[in-house]
Amino acid sequence: MTKKPTYYIKLILLSLIIWSLSAEIFASEIIKNMPSRNAYFTGRTSYLDEIQKNLVRYGIVYLTGYGGVGKTQLAKEYSYINEQKYDLIWWFDLRGDLGIQYENLLTHLSNNEKFKKLLHINIKDIAPSAIVDFTNSLLSQCNCRWLLIYDNVLSTKDIKLPKTKAAAKQHIIITTREKQNFGDNVLSLGSFTNQESEQFLFKIHPGEKKEDIVKLYKALYNYPLALAQTSEEILMHKDGISSYLEKYRNLDSKQIPIHSDITQEYNDNYRRVLDHTLQEIERKDKESAKVLYMLALLKTDITKKLINDLFGNKIDQNLIILSRYGVVQTTTYGQSQILNIHDIIREEAVKKFNTKNAIYKKGIILTLSKHFSDFYSEKNFRYLNNLDATNNQVAPLYAFIDMALQNDIIDEGVINTVIISLKLNNLLLNKYANYILYQQLANKIYNKNMDRIIPSQKALLYASLVSSDLIFASGENLSMFEKEMLHLLSIIENHKNHKELFFIYINLSQFYLYLGDLKEAKKYIEKAKKIMDYVDSTFCLLQYWHINTWLSYELRDVDTGMKAIEYYIKINNQTIQSKVNRLFAEDFKIKFFLLIGKKEAGKKKLEQMIKEAKEYYYNMPSCVLTELEFDKALIYFDDGQYDLARNQCNRALRVENKLVGREDIVFLTQAHIHIVLGKIHEKKGNPNYALEEY
């Protein structure tokens with residue numbers, strides 16, 4: 001019988017090798033963040049040699065193959081064998097936020113003498129959207145020896161790579177399931193050979209009989225992850241391989257031919273092993289099974305802190321149980337603990353969840369809805385406004401919404417999370433805001449059946465949708481939305497919930513600004529002003545003063561507008577101190593300077609703000625840069641420099657089109673630019689072109 005300490009050591013090590021197939025455990029050394037080494041790595045000698053040859057010749061090598069076949073392990077082992085050859089080895093896991101990982105790398109580089117001299121800018125001033133390009137450029141310029149590993153790449157189209165210098169030993173390894181012809185520098189991994197499987201299993205089960213070892217690897221078709229997962233289960237139950245095979249004797253089958261399809265091998269066998277594991281979890285601990293399904297449905301790795309924030313500390317016991325079965329793993333990344341599920345296990349868990357009856361599935365989704373609603377409703381937006389939808393804290397929110405809407409489960413908790421998600425994507429507060437993502441979410445929810453949602457909640461949702469393309473797609477859509485919005489408002493106005501009403505009023509004012517109906521826009525901003533003293537929401541107050549400033553500009557009311565700007569800046573400085581808000585405020589100041597004839601003061605401030613905006617966003621497109629570029633066009637137009645004004649209008653349009661990913665008009669600024677282009681054509685005697693712009 002195996003001694004207890006040895007058993008536990010093996011069990012821990014086996015847990016690590018299963019999950020190190022996902023490369024999640026990171027060291028904290030400077031200029032090196034390699035995952036922990038797999039103590040059970042076996043064979044693969046020919047692959048290691050081929051990686052070396054390909055890197056020397058091409059500078060980049062692609063490791064392809066089905067999930068769990070050992071791509072990550074191979075890349076990791078190569079890194080450890082050759083770590084003395086490089087000045088930098090950095091591991092990127094594409095299942096996490098690539099921007100955050102690049103930011104972490106850049107921070108390390110800025111603290112290293114070899115790279116610091118190449119930096120000519122404070123890294124804190126680099127916009128997150130430019131971090132990847134900036135760091136790649138830095139790596140390409142240096143003459144240092146580096147190795148970058150991009151693990152779990154879904155599509156090579158999703159990553160940008162630095163240019164490599166072969167003479168400088170600058171190398172890249174990419175692991176991907178993507179099946180396409182990359183050229184000669186691709187290695188397609190298959191299962192273990194019989195010899196490798198035997199060596200691997202004997203390392204884990206040194207006291208087992210060879211005949212049982214052979215039966216096990218034949219039953220599992222030499223599949224690395226299947227061998228690791230099954231070995232952990234055998235060690236956990238302490239039954240031995242023979243007892244395990246007897247228990248699951250339906251796994252015993254003839255050996256697959258050498259040229260068989262690895263996907264089919266895996267589907268026919270290892271998924272069956274997982275199915276048995278999931279059945280056992282359900283049979284022994286139904287609550288832990290529900291936790292597994294909830295985590296799998298969120299489709300992303302989550303920090304341990306967020307898990308506890310969402311579900312409370314009581315969930316820890318469920319996580320311990322699930323980790324004993326090898327289906328979840330808590331590992332360390334930087335200063336955070338990450339709870340992750342291997343993508344293959346996640347697929348099986350979701351597949352099994354989908355076989356459940358409607359009542360069971362709805363119960364899981366509603367439980368998630370409650371936890372998300374409770375968590376986010378208690379948060380102040382100043383702590384969330386710099387998070388984009390790919391961030392670890394927000395990605396689960398979007399995954400949950402997708403899953404709830406796909407299952408047509410719409411309750412107040414789901415609606416609340418949608419409202420919060422739309423707020424988080426606000427360009428006023430969040431420089432990471434994603435216009436396309438906002439539109440996708442708005443379109444998903446707009447046509448859903450919300451008969452069971454109370455009017456106040458539905459009104460808040462509709463108020464959050466005023467920037468949706470779908471509303472403005474046709475006159476009919478616009479009329480229907482306006483009618484429904486005003487109907488909902490008439491129902492809830494008597495409830496005197498000032499916080500809700502304030503939010504609805506300011507968004508209605510914005511809606512009418514989009515339509516150019518300044519009278520209605522002013523009516524609702526004045527309604528909001530009457531109840532402003534009852535509101536303590538930083539988000540709403542900043543939005544109020546921004547819309548107030550905007551409306552004042554459209555009305556050419558300079559005095560009111562300049563006062564609104566003062567309040568706008570004051571609240572921003574006292575609370576979230578967002579540079580985005582300051583840039584928008586300065587843009588409006590420039591516009592008001594131009595209105596009252598202070599052209600020189602406007603020009604001076606404009607050049608300063610364009611410079612600041614470009615540095616802040618690192619030359620990436622943004623709404624505020626579009627506004628500032630358009631201000632410059634207005635100055636040229638006012639000076640009679642029509643050719644310069646036309647070129648500047650087109651420049652502003654290019655910035656905005658890149659931002660929204662399309663060329664049709666979706667923002668009011670785009671419409672204003674086309675109007676000025678029309679006026680330019682009129683001045684130059686081209687009425688037909690002017691009419692086209694109008």
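Okay, let's start with the rings: there are 21 aromatic pairs in this structure. By a pair I mean Phe, Tyr or Trp rings (for Trp, the six-membered ring) with centres within 6.5 Å; planes under 30 degrees apart are stacked, over 60 edge-to-face, and the rest tilted. This is a predicted model, so a word on the ground rules: local features need pLDDT of at least 70 and side-chain atom pairs count only at pLDDT 80 or more, while totals for chains, interfaces and linings use all residues. Residues are numbered from 1 along each chain as its sequence is written, and side-chain values use heavy atoms, with hydrogens and water left out.

So, how do the rings of Tyr 512 and Tyr 524 pair up? Their planes are at 5 degrees and their centres 5.9 Å apart, so that one is stacked. Tyr 512 belongs to helix α22 (residues 498–515) and Tyr 524 to helix α23 (residues 518–530), twelve residues apart. Helices here are DSSP runs of H or I with at least four residues, strands are E runs of at least two, and both are numbered from the N terminus. Tyr 512 is buried at 2% relative accessible area, and Tyr 524 is buried at 5%. Buried means under 20% relative accessible area, exposed is over 50%, and partly exposed is in between, with a 1.4 Å probe and protein chains only.

Next pair: Tyr 553 and Phe 592 have ring centres 5.9 Å apart and planes at 80 degrees, so they are edge-to-face. This one links distant parts of the chain, from Tyr 553 in helix α24 (residues 538–554) to Phe 592 in helix α26 (residues 579–595), 39 residues apart. Phe 592 is buried, at 0%, and Tyr 553 counts as buried too, at 11% relative accessibility. Tyr 553 also has the charged end of Arg 556 over its ring, 4.6 Å from the centre. For that call, NZ of Lys or CZ of Arg must be within 6 Å of the ring centre and within 35 degrees of the ring normal. Lys 356 does likewise over Tyr 360, at 5.5 Å from the ring centre.

Now the core. The largest nonpolar core has 170 residues, and Ile 173, Phe 400 and Phe 502 touch the most other members. A core here is a set of buried Ala, Val, Leu, Ile, Met, Phe, Trp, Tyr and Cys residues joined through side-chain atoms within 4.5 Å. What does Phe 502 touch? Leaving out residues up to four places away in sequence, its contacts (heavy atoms within 4.5 Å) include Ala 528, Met 532, Leu 541 and Tyr 544. There's also a second, separate core of 26 residues, with Leu 88 and Ile 131 among them.

On to the sheet. Five strands form an open, parallel sheet in the order β2-β3-β4-β1-β5; strands pair if DSSP finds at least two bridges between them. β2 (88–93) and β5 (186–188) stand at the edges with a single partner each, so one side of each has no neighbour in the sheet. β1 (residues 60–64) pairs with β5 over three bridges, and Thr 64 stands opposite Ser 188 in β5.

Last, the whole chain: 31 helices and eight strands, with buried residues making up 56% of its 694 residues.
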